[in-house]
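Me: I would like to read this structure feature by feature. Please give me the general idea each time, then the case at hand.

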Amino acid sequence: MKQFILSSLKNRHLPTLLFLVMVFLVIQSFAQKLEKMPVDLETDFALSAMPAHVRGGATVYLLDPEKGYYIGKQGTNGFICFVMRTDWEHGEFRNDIATPISYDAEGAKTIWPSYADVEEMRASGKVTAAQMKEMMTERFQKGYYKAPARPGISYMVAPIMRAYDGSSPRVLTMELPHYMFYAPYIGEADIGGNSPNGGPMILGDGKGPHGYIIILAGVMEKAKIEEENKELLKRLTDYRSYFKVESKGTHH
């Protein structure tokens, strides 16, 4: 009799439990609210994405978690830089993603809008991470975002990046300065497979119009970048402990 009563109670409350679980999952999807980085730190971190000779004339975009990106510093040379805080492809909202990225004028026109749209959608609070992934996937499939019209470069030579470890769900802080060259619709097979020894790589198959060929910074260049950014690295780790390097390996 006792077992029958317990079974009846479970069956009776199962719809309520399922509803509560669904509500919890939705809340979790919205819950990872981004925090505003200190302006000086975010500016310097964003600028570290590009070589020193490019920084002076670059436009810096900063993130307002309530609205999206805004111009923190207007540039003159066509280059832009920013800190990417949301990786929509993984279908979750986190508060500890921070990857400095820069684009030349062509990338600013064709690739940058996808990053701006993602942060504006997240700031609105009207979509879950899963909904955002679905919307962005559909936009790319339907050609909403265009491929660069000419060859160009995205500098990512910051001393560190905090990002997903490839397709893994893990998020790591890595030392991985590199250069990305626009290569729309390219796949790994097109270059004979990704190099295991620091040679050319593809930023994942299936990137469509926003595909890249990636070249890692050399050992000596990487050491120089780390040395030149010692103060920035200390400021980052003083701000949040997760900026401490966890991996020196590859990300892409």
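Reply: Start with one cut-off. Buried means under 20% relative accessible area, exposed means over 50%, and partly exposed lies in between. Glu138 has a relative accessible area of 36%, so Glu138 is partly exposed. Keep in mind that this is a predicted model.

Me: What is the mean pLDDT of the protein chain?

Reply: The mean is 88. Of the residues in the chain, 84% reach 70 or more.

Me: Over which residues does pLDDT stay under 50?

Reply: The general idea comes first. Where pLDDT is low, predicted coordinates should not be read in detail. Here that applies to residues 16-31, where pLDDT stays under 50. The model has 9 contacts beyond four places in sequence for that stretch.

Me: Now the strands. How do E1 and E2 run, parallel or antiparallel?

Reply: Strands of a sheet pair through backbone hydrogen bonds, in either sense. Strand E1 (residues 59-64) and strand E2 (residues 68-73) run antiparallel, joined by 5 bridges. A hairpin of 3 residues links E1 to E2. Across this pair, Leu63 stands opposite Tyr69 in E2.

Me: In which sense do E1 and E3 pair, parallel or antiparallel?

Reply: E1 and E3 are parallel, with 2 bridges. Thr59 has Ile80 in E3 as its bridge partner. E3 also pairs with E4, and there the sense is antiparallel, over 5 bridges. Val83 stands opposite Pro100 in E4.

Me: How many residues of E3 are buried?

Reply: In a regular strand, side chains alternate between the two faces of the sheet. In E3, 5 of its 5 residues are buried. Ile80, Phe82 and Met84 are on one side, Cys81 and Val83 on the other, and both faces are covered.

Me: What is the strand order in the open sheet of 4 strands?

Reply: The order is E5-E8-E10-E9, with antiparallel pairing. Strand E5 (153-156) and E9 stand at the edges with a single partner strand each, so one side of each has no neighbour in the sheet. Within the sheet, E8 and strand E10 (residues 212-216) share 5 bridges. One of the facing pairs is Tyr179 with Ile215 in E10.

Me: Leaving aside neighbours within four places in sequence, what is Trp112 in contact with?

Reply: Tyr61, Tyr69, Ile80, Phe82 and Gly107.

Me: Which residues of helix H2 are buried?

Reply: In H2 (residues 39-47), they are Leu41, Glu42, Thr43, Phe45, Ala46 and Leu47. Their cover includes helix H3 (52-55), E1, E3, E4 and H8.

Me: Loops next. Is Asn229 buried or exposed?

Reply: Asn229 is at 9% relative accessibility, so Asn229 counts as buried. Its place is the loop between helix H7 (219-228) and helix H8 (230-239). Beyond four places in sequence, Asn229 is in contact with Ser48 and Pro159.

Me: And Tyr185, buried or exposed?

Reply: Exposed, at 59% relative accessibility. Tyr185 is in the loop between strand E8 (178-182) and strand E9 (201-202). Its phi is near 65°, a positive value in a residue other than glycine.

Me: Last, charges. How many salt bridges are there?

Reply: Side chains of opposite charge can pair when their charged atoms come close. The count here is 15. Lys142 and Glu138 form one of them, at 2.7 Å from N to O. Lys142 is exposed at 65%. Asp165 and Arg170 meet at 2.3 Å. Asp165 is buried at 17%, whereas Arg170 is partly exposed at 47%.

Me: How far apart are the closest N and O atoms of Asp238 and Lys234?

Reply: They are 2.7 Å apart. The two residues are 4 residues apart in helix H8, which means about one helical turn separates Asp238 and Lys234. Elsewhere, salt bridges with shared partners join Glu92, Arg94, Asp96, Arg162 and Glu246 into one network.

Key. Residues numbered from 1 in each chain as written. Predicted model: local features only at pLDDT ≥ 70, side-chain atom pairs only at ≥ 80, totals over all residues. Heavy atoms only, no water. pLDDT = per-residue confidence, 0-100. Contact = heavy atoms within 4.5 Å. Buried < 20%, exposed > 50% of the residue type's maximum accessible area, 1.4 Å probe, protein only. Pairing = 2+ DSSP bridges. Salt bridge = Lys/Arg side-chain N within 4 Å of Asp/Glu carboxyl O.
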